[in-house]
Amino acid sequence: MNRLLLAMASAAIAVLANGVAGAEPAVPSFVEETASDGISTVYSGEWEFMVGGGAAAFDCSGDGFPDLFLAGGASHAGFYRNISRQGGELRFEKQASGLELEAVTGAYALDIDSDGIKDLVLLRVGENVVMRGRGNCRFERANEMWGFDGGDAWSTALAATWEDGADFPAIAVGNYIDRREEGFPWGSCTDNWLHRAEGARFAAPMPLKPSHCALSMLFTDWNRSGTPSLRVSNDREYYKGGQEQLWRIEAGAEPYLYSAADGWERLRIWGMGIAGYDLNFDGYQEYFLTSMADNKLQTLTKPTPGTSPGPAYTDAAFAKGVTAHRPYAGENVKPSTAWHAQFEDMNNDGLADLFIAKGNVAAMPDFAMEDPNNLLLQKTDGSFAEAGDRAGIGSTAISRGAVIADFNLDGMLDLAVVNRWVEAQLWRNTGLDNANWIQIRPLQPRRNRDAIGGWIEVKRGDVVMRREITVGGGHAGGHLGWWHFGLGGQTEAQTRIVWPDGEAGAWEELRAGHFYTIERGRGAARWQPG
Amino acid sequence: MAGIIVRIAFRAAACRLILAIATVTAALAAPAQSAEPRNLEVLGTWYRLALELVRHTPTYSPPVASRAFAYLGVTAYETVASGRDGFATLAGQLNGLTPPPVREPGRDYDDAMALQASVSLLMESLFANTGPTGQRAIDAIARKLDAVARAGVDPDIADRSTAYGQALGEHMLAWAAQDGGAVVENMGFPFRYELKPGPEHWVPTSTIGQQQVPLLPDWGRNRTFAMPDGATCGLPPPPAYSEEPGSSFFIEAREVYDVSLSLTEDQEAIARFWSDDPMLTPTPPGHWLAIALQVLGEKEATLEMRVDTLARIGIGLADAFIGCWHDKYKYDLVRPLTYIRRVIDPAWQAILITPPFPEYPSGHSTQSGAAAEVLTNLFGADYAFEDRTHDDDGLPARKFDSFWHAAEEAGISRLYGGIHYRAAIELGLDQGKCIAAHTNALVTRARP
């Protein structure tokens with residue numbers, strides 16, 4: 001079977017090399033290793049945990065392998081140290097880390113104090129908690145030390161950026177409805193918060209009014225102004241008078257909410273997740289927004305030459321084949337429910353693919369109960385083809401958060417998915433031997449070590465592939481570590497970093513099939529495990 | 001429409017007999033204790049929740065919402081009428097409704113407890129598909145209202161009233177199960193549907209995957225409530241399709257296009273006020289139900305007046321959607337968005353989201369015409385009111401001189417919004433008026 005897949009893959013890659021538009025993409029092959037991976041966390045709980053269920057992948061042990069944190073809902077969260085070997089099966093070991101709190105809905109890793117050790121922000125039903133990394137995957141509560149007011153809300157989204165000159169990040173937290181409202185909770189969306197830096201600690205959180213029950217947030221430089229704005233995807237189930245939001249957040253200024261007067265078009269969806277990627281190589285991000293029954297792929301309306309773009313988007317989901325509105329296998333009448341979304345090149349052909357975690361809210365009879373996760377592989381004409389079942393990742397568990405990362409550092413991206421009421425699942429990508437890749441980790445010397453807000457650019461043929469370095473988006477979790485690019489048949493790639501302040505590094509010729517750290521001012525250095 | 005008057009006269013005669021029987025029955029029963037505040041809290045709170053759940057239950061497109069309002073209204077009415085002198089049952093007047101359970105003669109009942117039992121049962125059933133938050137809300141409201149209704153009531157009376165309300169509610173649910181609208185799958189979008197060929201016919205107007213087929217194509221075949229069937233108030237065909245400048249069809253489409261280019265602030269406000277999008281508002285029938293509730297509140301109406309009004313507005317709205325849908329799929333007309341982009345301006349945008357079903361007649365117009373006619377019959381032709389339905393969503397209230405003033409504005413809002421031609425609006429209002437005549441002919445209680 002694998003030989004057949006490999007043969008198909010080879011053929012597909014050959015087709016890609018010939019540049020035939022719309023050619024069927026090579027389907028990667030995944031092996032589910034849930035039974036032997038050492039992971040036992042279940043996202044449990046009832047109504048207050050119907051959303052959330054995030055996963056965070058980040059390296060806290062210093063060995064380069066992404067470790068894994070999983071929200072546990074009403075149960076304790078779980079931390080798992082990655083003990084996989086390069087190219088081997090995926091193996092994790094549960095380890096007491098200090099992160100094992102209850103009522104955790106999601107988590108994002110970032111290096112808050114720029115000490116070179118990843119910290120973690122835990123989103124919770126109740127008080128949010130920042131956990132300072134002490135090294136060797138041990139963490140301690142740092143709310144008091146860093147002046148972080150964790151509040152008391154139903155927190156469901158996070159995005160982080162470094163404002164100009166700041167020592168600490170600005171962290172936006174998205175909050176859901178007032179959980180104490182029983183009979184009439186609709187319209188009770190509680191305020192989102194912006195925790196800005198105040199020296200080497202956080203200022204009191206600033207409410208972002210109006211708030212509309214955020215389930216995903218992303219700081220992203222949508223117009224390439226050099227300053228990321230805050231995209232907020234909101235759940236229309238609960239807001240009144242709400243819509244999707246875009247905030248301009250500039251250092252020292254009050255947040256500004258884009259409106260129709262600026263060209264921002266009202267969009268009202270059951271917003272649950274955001275994934276961004278420059279799919280068409282024009283320098284601007286496309287945004288995939290998950291929802292119920294109908295998902296959106298937004299592409300920026302092109303500005304007239306010489307003018308700045310306005311925040312106007314067209315929906316390309318239908319044209320590109322990524323509406324993913326109903327299950328592609330099994331029961332197929334009722335609509336789907338989509339949560340985490342992430343663009344990554346899963347078959348290393350140089351084109352970003354789209355993973356979507358699916359699952360009923362609970363047992364809503366109007367929506368599919370058997371709702372397989374999607375893997376939509378991008379074709380050379382920019383459209384996508386469903387391959388979740390053929391790739392072997394089409395789980396019909398009730399999924400929520402997920403994270404795609406190269407857990408065994410073999411160049412092929414693996415997948416972890418958090419499920420409601422059953423154990424999280426893990427798949428190893430056994431993929432495509434002859435498709436090349438490169439993985440990059442940018443490093444800054446002092447503040448904002450991981451260069452959040454910068455861009456990585458990699459040339460492939462006539463195009464420049466770009467990835468924005470972000471913390472946020474998805475559904476209640478994401479990854480921070482190696483940034484992966486597929487290269488297809490290309491054996492070398494010119495690469496550079498555009499640092500968060502806009503300064504572009506030099507183009508460097510890097511060999512495919514390797515990991516590189518690119519330290520600001522010092523250039524690329526090949527890295528290998530051990 | 002020719003047979004309407006004859007049928008109404010026959011039905012009125014039949015109802016006089018029923019009224020007499022009901023009066024005797026009610027006279028035998030001892031009246032429940034006076035408990036107006038409890039009654040009104042039970043009724044009002046469930047209706048408030050119904051308007052929320054219509055908005056937050058994905059199955060609830062406007063036709064489905066109107067059906068729920070009809071069954072809720074009839075159930076509330078029958079619960080109260082069964083304990084009142086001078087009130088007739090709607091059994092025998094509404095299609096398929098057989099006589100509901102009656103109260104035991106000589107025994108005391110409490111209306112609040114009976115209403116709590118019957119209406120909560122309907123709510124749980126009609127909104128069984130709502131999500132976990134809706135289920136949690138139904139449970140919470142049921143607990144709260146049970147305590148409210150039970151306060152100070154003799155336990156025997158409370159239990160008897162509850163049992164009666166449950167029996168009545170089950171009777172209503174059994175009736176509802178057979179109307180053709182009880183099961184709605186895939187939010188009302190059929191899994192298979194063949195579009196009719198020809199430029200005059202509806203084609204999808206959005207890029208939403210689910211909406212590549214039209215909503216509820218068989219809804220017009222559902223059992224109606226007060227009128228004989230979906231074809232009862234059938235409309236003449238719309239203007240013949242043509243792409244020729246100067247043709248009636250082109251002129252109507254051109255009007256939609258021209259208005260959109262010179263839309264005033266007030267016209268846009270009108271379009272948005274009556275937009276009433278499913279999942280984002282209580283839907284168009286919910287809007288008119290909200291108006292009825294506002295009027296009942298302003299008038300500090302009695303429980304009897306409230307249940308009579310709620311039954312009638314629900315029935316009128318539900319029949320309006322069945323009649324309208326019958327003609328929508330009979331004529332299957334192309335939407336302005338499609339025609340204007342094809343013939344006049346390929347880049348044209350309507351300011352409202354074009355609904356995913358055929359154009360003629362306008363659903364909002366038909367049901368607004370029906371609602372206005374029903375409310376006019378109850379409260380008069382010159383009843384001025386302020387419509388605060390969308391206060392929570394930040395849309396300012398609008399003032400109207402009469403219910404028909406509001407209905408006409410609702411109708412023309414669809415032209416301002418770019419989703420309907422004038423014929424669909426004007427004839428839709430007429431259709432609603434015709435449909436409401438059947439509702440208004442229902443006999444519920446003796447009036448001075």
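Between chain B and chain A, about 3300 Å² of area is buried, and carbon and sulfur atoms give 60% of that. On the chain B side, B:H56, B:T133 and B:R136 lose the most area to chain A, together 20% of what that side buries. Keep in mind that this is a predicted model.

The contact takes 36 residues from chain A and 38 from chain B. What holds polar partners across it? There are 11 residue pairs in polar contact between the two chains, both residues at pLDDT 80 or more. Two elements of chain B, α2 (36–56) and α5 (132–150), each give two or more residues to the side that touches chain A. The largest share, eight residues, comes from α5(B). Sorted by class, that side of chain B has 15 nonpolar, 13 polar and 10 charged residues.

Next, salt bridges. How many lie between chain B and chain A? The count is four. In a salt bridge between A:K240 and B:D392, the side chains meet at 3.5 Å, N to O. Over all chains, the count comes to 47.

Now some pairs inside one chain. B:D258 and B:R254 form a salt bridge at 3.1 Å, N to O. These two residues are four apart in helix α7 of chain B, so about one helical turn separates them. B:D258 is partly exposed, at 33% relative accessible area, and B:R254 is partly exposed too, at 32%.

In helix α8 of chain B, B:R272 and B:E268 are also four residues apart, and their closest N and O atoms are 3.2 Å apart in a salt bridge.

Last, in chain A, a network of salt bridges links A:E48, A:D152, A:R179 and A:R180.

Technical notes:
Residues numbered from 1 in each chain as written. Chains lettered and ligands numbered in written order. Predicted model: local features only at pLDDT ≥ 70, side-chain atom pairs only at ≥ 80, totals over all residues. Heavy atoms only, no water. Contact = heavy atoms within 4.5 Å. Buried area = accessible area lost by both parts, 1.4 Å probe. Polar contact = N/O pair within 3.5 Å; in protein donor to acceptor, adjacent residues only side chain to side chain. Nonpolar A, V, L, I, M, F, W, Y, C, P; charged D, E, K, R; others polar. Buried < 20%, exposed > 50% of the residue type's maximum accessible area, 1.4 Å probe, protein only.
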